[in-house]
Amino acid sequence: MEKQSYIDAGKIVNTHGVRGEVKVQPWDVSAERLCTFKTFYLDGTPFRPLSKRVHGEMVLMTLPEVTDMDAAA
């Protein structure tokens with residue numbers, strides 16, 4: 001079986017707002033390009049963000065099952 005390889009596309013650097021969004025700093029791609037990705041991996045587990053949008057040079061994402069700032073932290 002072939003080992004999966006992943007591209008490090010960015011890093012979660014902070015929370016944003018009270019609804020549980022996280023702020024993602026893109027690496028080697030623009031924030032606009034990062035928003036076109038459909039599936040992301042966090043610690044090897046795939047997930048599809050409920051929403052993602054550009055905020056300056058960052059991307060704000062809403063993760064599945066994260067509904068407030070405490071859960072996002």
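Which side chains meet in a salt bridge, and at what N to O distance? Select Glu21 and Arg53: their side chains form a salt bridge, 3.0 Å from N to O. The term stands for a side-chain nitrogen of Lys or Arg within 4 Å of a carboxyl oxygen of Asp or Glu. A search of the whole structure finds one such bridge.

Before going on, note that this is a predicted model, in which local features need pLDDT of at least 70 and side-chain atom pairs count only at pLDDT 80 or more, while totals for chains, interfaces and linings use all residues. Residues are numbered from 1 along each chain as its sequence is written, and side-chain values use heavy atoms, with hydrogens and water left out.

**Stop 1: around the salt bridge**

Keep Glu21 and Arg53 selected. Glu21 belongs to strand S2 (residues 21-26) and Arg53 to strand S5 (residues 51-55), so the pair ties together parts 32 residues apart in sequence. Strands here are DSSP runs (E, at least two residues), numbered from the N terminus. Glu21 is buried, at 11% relative accessibility, whereas Arg53 is partly exposed, at 40%. Buried means under 20% relative accessible area, exposed over 50%, and partly exposed in between, with a 1.4 Å probe and protein chains only.

**Stop 2: the sheet**

Now show the strands. Four of them form an open sheet in the order S1-S2-S6-S5, with antiparallel pairing. S1 and S5 are the edge strands with a single partner each, so one side of each has no neighbour in the sheet.

Next select S1 and S2, which pair in the antiparallel sense over six bridges. Two strands pair if DSSP finds at least two bridges between them. Lys11 stands opposite Gln25 in S2, and Thr15 has Val22 in S2 as its bridge partner. In the hairpin of S1 and S2, four residues lie between the strands, and Gly17 takes a positive phi near 75 degrees.

**Stop 3: the largest pocket**

Select Ile7, Ala9, Gly10, Phe40 and Tyr41. Of the 17 residues lining the largest pocket, these lie nearest its centre. Strand S1 (10-16) and strand S3 (40-42) are the elements that give two or more residues to the lining. A pocket is an open set of points on a 1 Å grid over the protein atoms alone, where a 1.4 Å probe fits, with protein on both sides within 12 Å along at least five of seven lines; lining residues have an atom within 4 Å of a point. The space in the largest pocket is about 480 Å³.

Technical notes:
Points joined across faces, edges and corners; volume = space filled by probe spheres on them.
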